[in-house]
Amino acid sequence: METIDDQQRKLGFWGEGSKLFGIFIVNMLLTLITLGLYYPWARAATMKYLYQETEFEGSRFTFHGTGKEMFIGFIKALGIVLSLYLVLFLFMWIGNTLFTLLGILIFFTGMSLLTPIAIHGALRYRMSRTSWRGIHFGYRGNLSELIRICIIGFLLTLVTFGIYSFWFEMKVRRYLIQNIRFGNVQFSFRGDGTDWFGLNLAGYLLSIITLGIYSFWWMKDRLKFQFSNIRIHQDDSTIKVKTSFTGGNYFGLVIVNGILMVITLGLATPWIMIRNIKYIFDNIVLDGAFNPDALEQTEEDYRDATGDDLMDALDMGM
Amino acid sequence: MYEYEVKYYDGQSSRSRNAFLLLRDSHWQLIFRDENDEEQSTRWEIDQIKQNDMGSALNTFHYGDFPHQSVEIEDPTFIDDLKQKYPGLDFVNKNYHRVLTGGWKVMAGLVALTILLFALFAFVIAPNSAALIAGQIPRSFESKLGENGYQVFMTTAEEDAKRSLLVNRFAKQMDFDTDYPIRITVVESDEVNAFALPGGRIVLFSGLLDKMGSAEELAGLLGHEVGHVKHRHSIKAQMRSLSTYLFVSLLLSDVNGVTAVLMDNAKMLSNLSYSRKLEHLADEEALAVLQKNHISQSGLVDLFRTLQGEAGKEPEFLKFLSSHPLTQDRLDFAKKAAAKQRGEQENLELKAIWERIETEGKKESELPG
């Protein structure tokens with residue numbers, strides 16, 4: 001066991017491409033045979049593998065979600081999305097302009113409410129199903145608060161022709177991260193919209209000027225921003241996340257991934273996933289006093305995967 | 001025998017305790033020292049130990065309900081020992097374990113099987129079930145779909161009412177052997193094109209009408225387009241692309257992919273790109289219609305010549321080419337059929353209407369603007 005004086009800690013990842021490939025093949029095969037019904041179990045298997053190969057302070061993470069939970073969530077999520085479509089089509093079918101507009105209104109209102117609902121549910125589920133040394137993560141955010149943030153953010157984004165989206169994004173991120181618990185450990189995010197906007201504007205302009213070459217540095221800056229603004233709080237101590245992403249190593253990652261993808265016609269996907277995870281873990285260090293033995297179980301169990309499946313259906317990655 | 005050094009977590013805190021794990025017949029026994037340095041023992045009933053899905057270098061086992069107790073075991077022989085000690089019980093998911101430790105032969109077999117199944121679904125099951133479903137779609141739905149597409153298309157198009165009337169009169173003189181109501185709309189456009197919508201609507205661009213030289217040619221074109229209507233090609237093509245999409249999105253479980261296909265199909269209603277096969281079927285239908293009406297099948301040959309001649313000239317025609325693969329094969333096919341044809345007669349009524357269509361067309365082009 002490392003001592004508390006050791007101020008720097010890293011996340012380790014032991015996943016192997018060949019094993020992940022095996023999991024992918026079994027997943028695909030069973031998904032085909034069951035006409036897609038196996039998909040939730042496939043997702044659970046992938047997550048379980050990736051979690052169990054992630055190590056911190058000599059202990060592995062565990063994903064407790066099950067195919068059954070995710071299947072029930074999947075059916076619910078499918079039901080929600082399909083019923084929205086059904087309303088849209090029924091109203092359009094009536095043919096009258098008023099009804100068509102009403103249908104479109106209901107559809108888009110539903111769809112835009114779905115986003116915060118999905119994020120909220122997904123985070124609650126995903127966090128509750130993650131543990132390390134038996135201590136579970138948790139998400140304590142309030143759904144109506146998140147919806148409020150999203151509606152205001154959406155409207156402001158609309159009237160500012162999209163410019164506000166950078167502030168909006170950071171607001172949501174701050175809210176989500178500050179509500180994550182890991183036992184009695186808390187998290188926070190310090191990034192603000194102005195910095196995020198400046199970083200992206202500069203990155204965008206420089207990428208144009210340099211005919212895209214700068215984009216690797218831009219992406220590196222984005223990664224760095226997202227990680228280095230995270231703070232972890234345990235009792236009175238604060239742990240910072242230090243990163244060592246560089247434009248050069250990011251460039252190397254992307255180029256090799258691209259080549260692998262092209263020459264294997266996509267078969268290298270599991271190896272690429274592993275490379276990406278390793279890249280992140282290799283380049284972040286948790287810096288500050290942390291006592292890995294002092295976490296207390298504080299969060300409750302939460303097994304509803306609807307939000308998680310909605311996120312998946314809406315094509316939003318975590 | 002069956003004793004292991006493990007790390008034990010009690011589910012209340014993350015405190016790591018060195019413990020001994022003893023595998024007993026009906027349970028696992030864990031022995032460790034608590035914070036007061038007193039020896040403690042805990043018992044895990046076999047049936048409440050959670051299955052580990054994959055197995056890795058460091059295995060974690062959980063026990064009971066939330067909050068779980070857990071142990072971490074690094075011993076590389078542990079999983080094999082479990083199998084020996086408890087034959088018939090699976091602490092690690094058997095299937096995954098077998099695949100992940102099965103080596104390249106197992107993997108290659110699975111890859112081959114997956115590819116085979118994938119091909120079976122993509123090329124046999126999905127398109128055939130699509131055709132089956134397409135056959136079940138009620139007529140009323142079909143005409144509603146076509147009518148909607150037509151309305152959308154016509155919002156940006158200008159009808160040549162006079163020639164529409166004449167072409168419809170022309171079509172009335174022919175027997176298409178179908179109970180779909182055939183309604184033709186001539187649309188002002190330089191495009192050398194025509195398309196059929198589900199339910200019986202046919203849109204004919206004036207650009208094509210202007211280029212045609214005989215009543216037989218028009219009859220050939222109408223026969224071809226009615227063939228599409230009669231055999232519900234539009235619905236079939238749409239069901240096919242929908243089924244492929246559904247199949248892919250099932251695999252990737254991307255419910256939103258369905259949105260994309262609906263958008264695509266909305267576009268298709270105006271664009272209507274049919275596959276080569278459907279084109280060929282429509283050509284056959286056109287020949288049959290011409291034969292039935294005693295009209296010379298060389299009309300279809302002429303139509304293809306008109307289209308082929310256009311292909312070289314206007315880049316816009318590339319669009320037509322991509323949806324209607326106008327190869328030499330199609331021309332040859334029509335020529336061959338026409339050479340064998342017997343019983344064709346000159347239809348004076350059709351000829352008369354055709355002449356009026358031509359005159360209208362010329363008037364039209366003389367108009368300024």
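Predicted model: local features only at pLDDT ≥ 70, side-chain atom pairs only at ≥ 80, totals over all residues.

Let's start in chain A, where β10(A) and strand β11 (residues 284-287) of chain A run antiparallel and are joined by four bridges. In this text, helices (H or I, at least four residues) and strands (E, at least two) are DSSP runs, numbered from the N terminus. Two strands pair if DSSP finds at least two bridges between them.

Residues are numbered from 1 along each chain as its sequence is written, and chains are lettered from A and ligands numbered from 1 in the order in which they are written.

Back to Lys240(A): Arg231(A) also stands opposite this lysine. That takes us to strand β9 (residues 230-234) of chain A, which pairs with β10 (residues 237-243) of chain A in the antiparallel sense over four bridges. Two residues lie between the strands of this hairpin, and Asp235(A) takes a positive phi near 50° there.

Chain A has other positive phi values to look up. Arg133(A) is not a glycine, yet its phi is positive, about 55°. You'll find Arg133(A) in the loop between β5 (130-132) and β6 (135-139) of chain A. Is Arg133(A) buried or exposed? Arg133(A) counts as buried because it has 28 C-beta neighbours inside 10 Å. The rule is that a residue is buried if 20 or more other C-beta atoms lie within 10 Å of its own, exposed if 12 or fewer, and partly exposed in between, with C-beta atoms placed from the backbone. Leu211(A), also not a glycine, has a positive phi of about 55°. Leu211(A) sits in the loop between α7 (193-209) and α8 (215-228) of chain A, and it counts as exposed, with 8 C-beta neighbours inside 10 Å.

Now hop over to chain B, which has 14 helices and nine strands. Of its 369 residues, 36% count as buried. Six strands of chain B form an open sheet with antiparallel pairing, in the order β4-β3-β2-β1-β6-β5. Why do β4 (39-45) and β5 of chain B each have one side without a neighbour in the sheet? They stand at the edges, so each has a single partner strand.

For β5(B), follow the pairing with β6(B), which is antiparallel over five bridges. Here His62(B) has Ser70(B) in β6(B) as its bridge partner. The loop between β5 and β6 of chain B holds Pro67(B), and a cis peptide bond joins Phe66(B) to Pro67(B), with omega at about -10°.

Finally, see how the chains meet: 37 residues of chain B are in contact with 39 residues of chain A. Being in contact means that the C-beta atoms of two residues, placed from the backbone, lie within 7 Å. The elements giving two or more residues to chain B's side are β5 (59-63), β6 (69-73), α2 (94-101), α3 (103-136) and α8 (233-252) of chain B. The largest share, eight residues, comes from α3(B).
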